[in-house]
Amino acid sequence: MADFVGAIDQGTTSSRFMIFDHDGNEVAKHQLEHTQILPRPGWVEHDPVEIWERTNVAIQTATRTAGISPTDLAAIGITNQRETTVVWDPRTGQPYCNAIVWQDTRTDTIASALERDGRGDLIRRRAGLPPATYFSGGKVQWILENVPGVREAAGQGRALFGTTDCWVLWNLTGGPNGGIHATDVTNASRTMLMDLETLDWDEELLGLFGIPRAMLPKINPSSDPEAYGQARTTRPLRTAVPITGVLGDQQAATVGQVCFAPGEAKNTYGTGNFLLLNTGTEPVRSEHGLITTVCYRFGDSPAVYALEGSIAVTGSAVQWLRDQMRVIRDAAESETLARTVEDSGGIYFVPAFSGLFAPYWRSDARGAIVGLARYHTNGHLARATLEAICYQSRDVVEAMFQDSGVHLDVLKVDGGVTANDLCMQTQADILGVPVSRPVVAETTALGAAYAAGLATGFWRDTDELRAHWHESKRWRPQWSEQRRTEGYEGWQKAVQRTLDWVQVS
């Protein structure tokens, strides 16, 4: 029997390949960043060819470093940045344009028109999503309308659409020579094109965006022994390895955090924050600005749903301090600098660089720093940046309680920002509940590995996966209730200052 499971984690800033053993421990990994292309304000793009090439190199390097042969891998899982949209020619394997990234706001006129004429209600009812620039459907429409030749090619069956899991899977299984064009229910549920009840593409929703059904991938379970074919184009995987799991990155992190019971929640701190609450096998329709999404579907079992709060800018706000403002030299310095002051001194930083996502969904918002006085230093700004990450998460937790009635007993956390002890302590203080980080912090890749391993019998069931989860550190609230309340009231005032800043037609 093979001793390991591999996981491709194709993220917003990098692609990596990780190898896990039967206990869920990391054996090897290799990670490569890709270029962030910013051609205009509000536009964010990636080069799909670069993504595939670097994913390929990551697989080769990780397996070579670990001394692992294909026969040592029971399966491979894929997880990915979700709504990022690729359209390519299946004959040549060449994209028609750069991928439009989930953060991109160029489709604001499409989303606004859907909302204005009432079609947004249909999207909410069928797909569980608000009409927003975040999701894939508007991005596909924009490509069909603005990239020369794509509409005609789509009509002739010469244009495929997929999120980056599709793109990687298609290339990994042969590309123009028989590559499999498929996705899973979690990624499909992020498009505004899938019916949450039937778990299939919806003709009426496709009609809203003018998207031919022939462009779309087949929708499969997140864990399946046969649906995704075999990796056969990547050296040194000269022997075919089954691909048996696909999950969008935040759903993968939920699986990696073993949130398998209704009421369990996790928050991933990456480029943005993504807080998911398992709601069981019935979708809970949000009335307070959250997303109703598929959490996972394992084999023939019923789909499990989640409420999600998606926040566009959290970890990338720290990157902004580093790269644009040059306030810090590296991400770790944000904590050091923030600790030079006792608090933020009453300033708030609302990093609405791409508008505001959940629970506001305001594409007209833009970033603001409010409450500044001559007294304030770069330390106060660093601390306000960390607090912004935590206050945005509280916005989502408040909405989740209103929708579900669930009071969190503990918040499981993962992602790069969780290495910042001050930020995690601040999160516990602002929420008023303990925050728990697992021993294995790479929960996104681990979740993809779990999905793949479950399909092949490498892991027996979810109870076995639960036994692998162990806590690394817990932060408990220290703020008084008065400080918590006053701080959040100030945050809400600051958010209001960011609204109606740009005109959305």
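Visitor: Before the details, what kind of model is this?
Guide: This is a predicted model, so please read each value below as computed from that prediction.

Visitor: Let's begin with one residue. Why is Lys-266 called buried?
Guide: The cut-off for buried is under 20% relative accessible area. Lys-266 has a relative accessible area of 0%, so Lys-266 is buried. Lys-266 lies in strand E15.

Visitor: Which residues is Lys-266 in contact with, leaving aside its neighbours within four places in sequence?
Guide: Contact here means heavy atoms within 4.5 Å. Among the residues that meet this are Gln-250, Ala-253, Thr-254, Phe-274, Leu-275, Leu-411 and Asp-414. By comparison, take Ile-369, 103 residues away along the chain: its C-alpha atom and that of Lys-266 are separated by 28 Å.

Visitor: What makes strand E15 largely enclosed by the rest of the structure?
Guide: Count the buried residues: five of the five in E15, residues 265–269, are buried, so the strand is largely enclosed. Both sides take part. Ala-265, Asn-267 and Tyr-269 point one way, Lys-266 and Thr-268 point the other way, and all are buried.

Visitor: Which strand is joined to E15 by three bridges?
Guide: That is strand E21, residues 411–414, which runs parallel to E15. There, Asp-414 is the bridge partner of Thr-268.

Visitor: What is the order of the seven strands in the open sheet?
Guide: The order is E17-E18-E16-E15-E21-E22-E23, and the pairing is mixed.

Visitor: What makes E17 and E23 the edge strands?
Guide: Strand E17 (291–296) and strand E23 (471–475) each pair on one side only. From one strand to the next, the twist averages 30°.

Visitor: How many bridges join E22 to E23?
Guide: Four bridges join strand E22 (residues 435–438) to E23, and the two run antiparallel. Arg-437 stands opposite Lys-473 in E23. Helix H13, residues 421–431, packs on the sheet, where it touches E15, E21, E22 and E23. The direction of H13 makes about 55° with that of E23.

Visitor: How do you know that the length of helix H14 agrees with what it should span?
Guide: H14 has 14 residues (443–456), and at 1.5 Å a residue they should span 20 Å. The end C-alpha atoms are 20 Å apart, so the two values agree.

Visitor: Why is H14 called mostly covered?
Guide: In H14, 13 of the 14 residues are buried, each having under 20% relative accessible area. Just after this helix, Gly-457 takes a positive phi of about 85°.

Visitor: How much space lies in the second largest pocket?
Guide: About 540 Å³. The lining has 27 residues, and the closest to the pocket's centre are Glu-115, Arg-124, Pro-130, Pro-131 and Trp-361.

Visitor: Which elements give two or more residues to that lining?
Guide: They are helix H2 (108–116) and helix H3 (119–127). H2 gives the most, with three residues.

Conventions. Residues are numbered from 1 along each chain as its sequence is written. This is a predicted model: local features need pLDDT of at least 70, side-chain atom pairs count only at pLDDT 80 or more; totals for chains, interfaces and linings use all residues. Side-chain values use heavy atoms; hydrogens and water are left out. Buried means under 20% relative accessible area, exposed over 50%, partly exposed in between (1.4 Å probe, protein chains only). Two strands pair if DSSP finds at least two bridges between them. Axes are lines fitted to C-alpha atoms, for helices over the stretch in contact, and angles run from 0 to 180 degrees between N-to-C directions. The expected span of a helix is 1.5 Å times one less than its number of residues. On a 1 Å grid over the protein atoms alone, a cavity is a set of points where a 1.4 Å probe fits but cannot get out, and a pocket is an open set with protein on both sides within 12 Å along at least five of seven lines; lining residues have an atom within 4 Å of a point. Grid points are joined across faces, edges and corners, and a volume is the space filled by probe spheres set on the points.
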